[in-house]
Amino acid sequence: MKSIVSTDPLVRVKHLKKYYPIKTGLFGLRSKHVYAVDDVSFSIGSGETLGLVGESGCGKSTVGNTMLRLTEATSGEVTLNSDRIFDLDKQELRAIRKKIAIVFQDPYSSLNPRLQILDVVAEPLKTHTSMKPDEIRDRVLEILGHVGLGYEHLLRYPHQFSGGQRQRISIARALALNPSLLILDEPTSALDVSVQAQVLNLLVDLQRKFNLTYLFISHNLAVVEHISHRVAIMYMGKVVEMGPTRKLFGNPKHPYSKALLAAVPNPDPDVKNDEFILKGDVPSPINVPSGCRFRTRCPDYREICSQNPPELKSIDGDHFVACKRI
């Protein structure tokens, strides 16, 4: 997808941290923390898709949850337009949630099995608006039409739909209040490959139609490359590389990014990927390595890597890398 450069980002995330305390001992004293997200910063322009990539446990879903305050952050700042989300009280937060919606990974567990689809999609409208029942029904039908469903689906229950249809319902519910930002937490990982393509194309069409802004969280690099304008790669709670999709996928700079891309299977059996095998396992998020957190597995490790953590610095305009060897 063509990269979008926004001089005035819709969303700004600055120095976001989320530490989970570990209570030990007889009196449950907090002696250690799990460093789930540690000093993450990025911005997303209006109408842009930022892909947030990393292996399981790197903290990418926690970033999305803390942005929406489903989980309270340890520190940091998230700004939507001029609204500082972490500074809002309950009433103000309720209002701001009209502008932000989330689509979860598993469409079945995120839908109430006891509610008909009419009520599932209408839930945000009943909570945040004073619309009358007839107006709500018309609005639900309108939204379902945008995601490829119709009148005949209104009175069915979630178990009567396929996985792809359930995810379409989840997307419809997220669109009910015309949000400006959608946080998509691995929305296609529970779907078959053919259905994944349909849902991805639907998301692209909806973005163009309504000028939506996406934070697309995934571990599937092929999916992220297809839908994202820019990509941020996370490792152990930190962003190690960020830049336009074509630049990052065409010429990755961080050793971890190179390893991730080298692991993607090529559909052409005659083309062999460059070998980039990582040593060892991911360190514990409780006892993180000093300096660069990737240094214990990095083939280019030097003594300087064990000192202060590397900062995310520009190496080519809008291409950023956190590595002391670059």
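Predicted model: local features only at pLDDT ≥ 70, side-chain atom pairs only at ≥ 80, totals over all residues.

Author: What follows is a set of questions about labels, each answered by setting a value against its definition.

Reader: What makes a stretch a helix or a strand here?

Author: Both are DSSP runs, numbered from the N terminus: helices are H or I with at least four residues, strands are E with at least two. Helix 6 covers residues 193-210 and has 18 residues. Strand 1 covers residues 11-24 and holds His15.

Reader: How do you know how the span of helix 6 sits against the expected one?

Author: The expected span is 1.5 Å times one less than the number of residues. For helix 6 the expected value is 26 Å, and the first C-alpha to the last reaches 26 Å.

Reader: Why is Ser218 called buried?

Author: Buried means under 20% relative accessible area, exposed over 50%, and partly exposed in between, using a 1.4 Å probe and protein chains only. Ser218 has 5%, so Ser218 is buried. This residue lies in strand 8.

Reader: What is in contact with Ser218?

Author: Contact means heavy atoms within 4.5 Å. Leaving aside neighbours within four places in sequence, Ser218 is in contact with Leu52, Val53, Gly54, Lys60, Glu186 and Val224.

Reader: Why is Glu186 called buried?

Author: Its relative accessible area is 8%, so Glu186 is buried. Glu186 sits in the loop between strand 7 and helix 6. Its phi is near 50°, a positive value in a residue other than glycine.

Reader: Why does Ile102 count as buried?

Author: Ile102 has 15% relative accessibility, so the label is buried. Ile102 is in strand 6, residues 100-103. Not counting residues up to four places away in sequence, Ile102 touches Asn65, Leu68, Leu70, Ala174 and Ile183.

Reader: Why is Ser306 called buried, and where is its place?

Author: The value for Ser306 is 17%, so Ser306 is buried. Its place is in the loop between helix 9 (255-262) and strand 11 (313-314). Beyond four places in sequence, Ser306 touches Ser290, Gly291, Arg295 and Tyr301.

Reader: What makes the pair His15 and Asp39 a polar contact?

Author: A polar contact is a pair of N or O atoms within 3.5 Å; within protein, one must be able to donate a hydrogen and the other to accept it, and residues adjacent in sequence count only if both atoms are side-chain atoms. The side chains of His15 and Asp39 make such a contact at 2.8 Å. His15 also has a positive phi near 50°, in a residue other than glycine.

Reader: How far apart are the C-alpha atoms of His15 and Val40?

Author: They are separated by 5.0 Å, though the residues are 25 apart along the chain.

Reader: Which polar atoms lie by the side chains of Ser306 and Ser218?

Author: The backbone oxygen of Glu303 lies 2.8 Å from a polar atom of the Ser306 side chain. For Ser218, the backbone nitrogen of Asn220 lies 2.9 Å from a polar atom of the side chain.

Reader: Why are helix 3 and helix 4 called roughly perpendicular?

Author: Axes are lines fitted to C-alpha atoms, for helices over the stretch in contact, and angles run from 0 to 180 degrees between N-to-C directions. Angles under 35 degrees count as roughly parallel, over 145 as roughly antiparallel, 65 to 115 as roughly perpendicular and the rest as oblique. Helix 3 and helix 4 pack at about 110°, with axes 9 Å apart. They are therefore roughly perpendicular.

Reader: Why are helix 5 and helix 6 called roughly parallel?

Author: Their axes come within 10 Å and cross at roughly 20°. Helix 5 and helix 6 are therefore roughly parallel. Among the residues that meet are Gly164 and Gln167 in helix 5, and Val195 and Gln198 in helix 6.

Key. Residues numbered from 1 in each chain as written. Heavy atoms only, no water.
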